[in-house]
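Reader: I am new to this structure and would like to know what stands behind the terms used for it. Please take them one at a time.

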Amino acid sequence: MRWALVKVCLAVTTMVVVAFAVPLGLVVREMARDRAFAGAEREAAAVAPALSITTDRDELERVVAAAGADSGMAVHLPAEGARGALDIGASRATGHDIQAVRRLGRASTTTVTGGFALLQPVALGSGAIAVVEVYVPESEVTNGVGTAWAVLAGVGLALIVGSVAVADRLGVRMVRPARRLVEGARELGEGELGARVPEEGPTELRLAAVAFNSMADQVVRLLAGERELAADLSHRLRTPLTVLRLNAASLGAGPAAEQTRAAVAQLEREVDTIIRTAREAKPQTAAPGPGAGCDAAEVVGERMEFWSALAEDEGRTWRVAGVDRPVRIPVARAELAAALDALLGNVFRHTPEGTAFAVDVHQGEDAVIVLISDAGPGISDPEAALARGRGSGTTGSTGLGLDIVRRLAESTGGDVRIGASVLGGSEIRIRFQRDARGPQRRGHRGAVRRRGARRLVPTFNRPRSLP
């Protein structure tokens, strides 16, 4: 904006200066020309009275000398009686021009070597026409014109420089509040809720700053309300969780009872984490630092061990592959476990009992892919399933599970895709970037590796397998 304003002011001022300076320079030149010829006319008029009295050569020479222009003045007398034509002084005009002035009877100028010649007709006492020639050098015609043009150019240049300087200051006055507004918006977008901008500058930018500060205050109020609501809703879960914990304690011994008690304990920890995070106004997930992350193979094996008990109860066959060696990804262990639980929970919730499912972990050079496949009815609208809050339309579905998984994958620069699995149902593919540099790492080479990873032969590490 600043340079645009400077360029506009430069163009406008230049056009104004040219529009005024060029005609003014031409006027100065014409004034200098008129001044030079006016002086020549006065010199010619000084000789006219003597011509009306006498035509004697000696007398006229003394008159021309007295006029002070003997080197630049000439008198041309026509032939009279026995006297032929007489030329007094240094003549520069041609005889044709002199005869033309006599014939027309009015003054005229003609171009001669080194300047101009003013030819002034004068009537003699005998009625004949004499011509007084006054030489006007080129230097007199242009006397002062160069200086005037230089002054005009200097004034014009000074006006242009001054206007550019003023425009630059005005641009700074407008750009500085705009930059502060941009910086405030960037800070607010990065999570600095205290970011505000000074309400100063031009009227429009001042109003924009007022609107921005009002919006920031509203965002703070909305986020505070969201945190309080999340904390309150999570706190309401403590009562039913207490009942579940007491009931789980009375189940006695056994694998199912132990798993139930472990699930209740984990649920209590998650609720406590949600309440604590909401009260402290901190995000539930944060970008992992260098060296942070977890072993995806270990987490997948752990969660599959948890869900295997329920799979046996419902008669589901299952398979897990690719967890026989460590697979590091830049994702927190709790976040990956929550994402896997959301996806495996969807399999149990949205497919009939006895439906087979599988979890495969593939690792490439720069990415790790986790595939969750099932033999259910599939997902008819993948885009709607990935949209936050859409859900499947069934009771108990909030539509947040897949969105949580998608955001977790995108936090590393990966993505989530839904397609058809080899088991006949749906296949959810989660891609985690190992270096967590963001979406710019996606490209053709990564796609080739992912397609190659799909061709890996899975390794079975559980006694139960799909038919």
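Author: Contact here means heavy atoms within 4.5 Å. The model is a predicted one.

Reader: What makes α9 and α10 a pair in contact?

Author: Residues of α9, including A296, V299, M304, W307 and L310, meet residues of α10, among them L336, L340, L344 and F348. By class, the contact has 12 nonpolar, one polar and five charged residues.

Reader: How do you know at what angle α9 and α10 cross?

Author: Two packed helices are described by the angle between their axes and the distance between the axes. For α9 (residues 296-313) and α10 (residues 333-350), the axes come within 10 Å and cross at roughly 35 degrees.

Reader: Why is the crossing of α9 and α10 called right-handed?

Author: The word applies if the near helix is turned clockwise from the far one by less than a right angle. α9 passes α10 in that sense, so the crossing is right-handed.

Reader: What makes β4 and β5 paired strands?

Author: Two strands pair if at least two bridges are found between them. β4 (residues 115-123) and β5 (residues 129-137) have nine bridges, so they pair, and the sense is antiparallel. One of the bridges joins G115 to P137 in β5.

Reader: Why are β2 and β3 said to stand at the edges of the sheet?

Author: The open sheet has five strands in the order β2-β1-β5-β4-β3, with antiparallel pairing. β2 (86-89) and β3 (108-112) each have a single partner strand, so one side of each has no neighbour in the sheet. From one strand to the next, the twist averages 20 degrees.

Reader: Which helix packs on this sheet?

Author: Helix α1 (residues 2-53) does, touching β1 (73-77), β3, β4 and β5. The direction of α1 makes about 145 degrees with that of β5.

Reader: Why is I88 called buried?

Author: Buried means under 20% relative accessible area. I88 has 3%, so I88 is buried. I88 is found in strand β2. Leaving aside neighbours within four places in sequence, I88 is in contact with R57, L60, E61, M73, A74 and V75. V75 is 13 residues from I88 along the chain, and their C-alpha atoms are separated by 5.0 Å.

Reader: How many of the residues in the chain are buried?

Author: Buried residues make up 36% of the 467 residues.

Methods
Residues numbered from 1 in each chain as written. Predicted model: local features only at pLDDT ≥ 70, side-chain atom pairs only at ≥ 80, totals over all residues. Heavy atoms only, no water. Axes fitted to C-alpha atoms, helices over the stretch in contact; angles between N-to-C directions. Helix = DSSP H or I, 4+ residues; strand = E, 2+ residues; numbered from the N terminus. Nonpolar A, V, L, I, M, F, W, Y, C, P; charged D, E, K, R; others polar. Buried < 20%, exposed > 50% of the residue type's maximum accessible area, 1.4 Å probe, protein only.
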